[in-house]
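This report describes one protein model for a reader who has not seen it before. The sequence and structure come next, followed by the notes.

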Amino acid sequence: MSVPTPVPVPVSLSETIARYVHALKLSGRSPCTIRNARGALRELAGFMLGIHVSNLSQMGQEPLMRYREWLARRLTVNGTPLRPASQCEYLSSVRAFCRWMVEQDWLASDPMRRIPQPRRHRHLPRAILEP
């Protein structure tokens with residue numbers, strides 16, 4: 001009986017993202033889910049490289065909070081701020097990625113656990129607003 005060889009911990013963030021996207025494909029996630037996760041994590045990787053975070057050992061709560069704050073200030077191609085719902089979508093992909101890294105034993109704890117989601121604006125129903 002052979003003992004399975006442990007999978008080595010990837011060092012680079014980009015390699016880890018590639019493995020995560022591959023795991024999503026293997027688990028049967030929809031192409032839309034995979035595309036959204038890949039896009040959100042590509043954006044995360046670009047931001048992290050900009051603040052000189054390139055490997056997993058540097059990926060902690062502080063750089064991820066900076067990413068959340070950056071998303072709140074990020075402008076769309078139309079020059080408008082990114083809506084809170086869109087920010088939540090990006091952060092949701094990052095949360096799932098971090099949980100997956102914990103499940104792989106590549107992170108000791110989830111650095112996104114204490115990072116709050118942006119507050120979504122709630123609108124009153126149209127029936128209440130119309131006279």
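## Overall make-up

The protein has 5 helices and 0 strands, where helices (H or I, at least four residues) and strands (E, at least two) are DSSP runs numbered from the N terminus. Along the sequence the pattern reads α-α-α-α-α. Of its 131 residues, 37% count as buried, meaning under 20% relative accessible area with a 1.4 Å probe, protein chains only.

The model is predicted, with local features needing pLDDT of at least 70 and side-chain atom pairs counting only at pLDDT 80 or more, while totals for chains, interfaces and linings use all residues. Residues are numbered from 1 along each chain as its sequence is written, and side-chain values use heavy atoms, leaving out hydrogens and water.

## Helix 1

The buried residues of helix 1 are L13, T16, I17, Y20, V21 and L24. Seen down the helix axis, they fall within an arc of 135 degrees, so they line one face of helix 1; the arc is that of the directions from the axis to the C-beta atoms. These buried residues pack against helix 2 (31–50) and helix 4. Just after helix 1, G28 takes a positive phi of about 85 degrees.

## Helix 1 against helix 4

The axes of helix 1 (residues 13–26) and helix 4 (residues 84–103) come within 11 Å and cross at roughly 95 degrees. Axes are lines fitted to C-alpha atoms over the stretch in contact, and angles run from 0 to 180 degrees between N-to-C directions. The two helices are therefore roughly perpendicular to each other, a class that covers 65 to 115 degrees.

In contact (heavy atoms within 4.5 Å), L13, T16, I17, R19, Y20 and A23 of helix 1 meet A96, F97, W100 and M101 of helix 4.

Note on methods:
Angles under 35 degrees count as roughly parallel, over 145 as roughly antiparallel, 65 to 115 as roughly perpendicular and the rest as oblique. Buried means under 20% relative accessible area, exposed over 50%, partly exposed in between (1.4 Å probe, protein chains only).
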